[in-house]
Amino acid sequence: MLLSGTVLQDSTTVIEDGAVVVEGAEIAAVGDRTSLADRYPDHRTKRYGVVMPGLVGSHIHSVQSLGRGLSDDQELLDWLFDAVLPMEASLTADEMEVAARLGYLELIETGTTTVVDHLSVNHARRAFEAAGDMGIRGLLGKVLMDQHAPDGLLEDTQAGLDRTETLIEEYHGSFDDRIRYAVTPRFAVSCSEACLRGARELADEYDGVRIHTHASETRDEIETIEEDTGKRNIHWLDEVGLTGEDVVLAHCVWTDESERELLAETGTNVTHCPTSNMKLASGIAPIVDYLDRGINVALGNDGPPCNNTLDPFTEMKQASTLQKVDQLDPTVTPVQTIFEMATVNGAKAAGFDRLGELKPGWRADIVGLSADGTRATPLYDVLSYIVFAARGDDVEFTMVDGEVLMEDGEVKSADADEIRRSANEVAESLDLSHPRMRSDSEGPSSDR
């Protein structure tokens, strides 16, 4: 396949009348459209306004998609424990699959080709199967919670770790290595020391398995961890083994100097979720400082109940503008930096190599956007358009590993209408006023 248009190869390279040639699961060539069309005359061709690397959502909650708009304008811990977690606990296996598919559908439609997905305690297998079936690339993990969890989500420590290991053996490297595993403690408040140390032991036991958790999102969380352990959150996570190059920490809003030094020294990845942090009034993460220290910072939307969208383009704009106003400096977080956070930095956090730029021999994860709309007129700078003006509904083409998931705005890898219909049916059936009272859930021990 030959994809042509203005090619945004990486954060600094734009080919005005360019093309990307895909053969199999890889990029075969990138360059001038005319010369590549002559070299590859038999390739099917498609033209888009902008052709660029697929975006990486480095902290997503796909299975919270059914909670979009369920609990707005609340403090984080009230939002989490009174609404979102009970909703998760109430979902049957079939409903969890519908939620995951709805999340992956939105991601495919809006140009996210790789996700770091924080699932739930129950029915994780259904989300793994949905991701594999729909063609998205992902680092997924079943959630661990062995303390301070609502009914339906509390697990025995060893039972949760055992179920995690079963899923690792089944899904890590599955679907032609598009799907990999991250051991996923929810956060230190809901996980005992034994659970957190067990997460590190599992990650060390399997090559390429990573760790994904929340950290230092709110001041209440920090105070709770300090009361329980005598340490600030990042220092506690480091003590139990949850820092390092294979660890993705979402948020990291409230960190002190010593914690930031530790993140940099250990090579721990940080995912910035600006819209969620603003909507829940969690605070403003010190992203400029993290980047200055050489910390790898990626971007994530968080979950639909706290965003309320999985559109990666809105997240890029929010990430840049929030830091500018926080620092009172319009020169910080320029478009090149933000684009790297949404592509190559995210790929590094997720542990996938040859991903996040359009280069020969790299993975063919590519999106194509329209540049015909009013928001793209005039188009002085394509990178400015991508970061500050484009939206997910400008995406017309999505490819992962050389497989076309969406073309000309039509999703090919799933029945979008059926997914939306099923999601509406499930939403109508949920007793959201008393989600803990659902009697048809398979229970916390089931991954079927």
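Two strands pair if DSSP finds at least two bridges between them. In this predicted model, β15 and β16 meet that condition, with 3 bridges joining them in the antiparallel sense.

**The sheet**

An open sheet is formed by 8 strands in the order β3-β2-β1-β4-β14-β15-β16-β17, and its pairing is mixed. At the edges lie β3 (26–32) and β17 (410–411), each of which pairs on one side only.

| Strands | Sense | Bridges | Residues standing opposite |
|---|---|---|---|
| β1 (residues 2–8) and β4 (residues 45–53) | parallel | 5 bridges | S4 and R47 |
| β14 (residues 366–369) and β15 | antiparallel | 4 bridges | I366 and M399 |
| β15 and β16 | antiparallel | 3 bridges | M399 and V404 |

β15 and β16 form a hairpin with 2 residues between them. In the turn, D401 has a positive phi of about 55°. Helix α3 (residues 93–109) lies across β15 (395–400), β16 (403–407) and β17, and runs at about 85° to β16. Because 5 of the 6 residues of β15 are buried, this strand is largely enclosed by the rest of the structure.

**Residue A182**

Strand β9 (residues 179–185) contains A182. Is A182 buried or exposed? Buried means under 20% relative accessible area; A182 has 0% relative accessibility, so it counts as buried. Leaving aside residues up to four places away in sequence, A182 touches L139, L140, G141, R210, I211 and H212. V143 is 39 residues from A182 along the chain, and their C-alpha atoms are separated by 9.6 Å.

Conventions: Residues numbered from 1 in each chain as written. Predicted model: local features only at pLDDT ≥ 70, side-chain atom pairs only at ≥ 80, totals over all residues. Heavy atoms only, no water. Contact = heavy atoms within 4.5 Å. Axes fitted to C-alpha atoms, helices over the stretch in contact; angles between N-to-C directions. Buried < 20%, exposed > 50% of the residue type's maximum accessible area, 1.4 Å probe, protein only.
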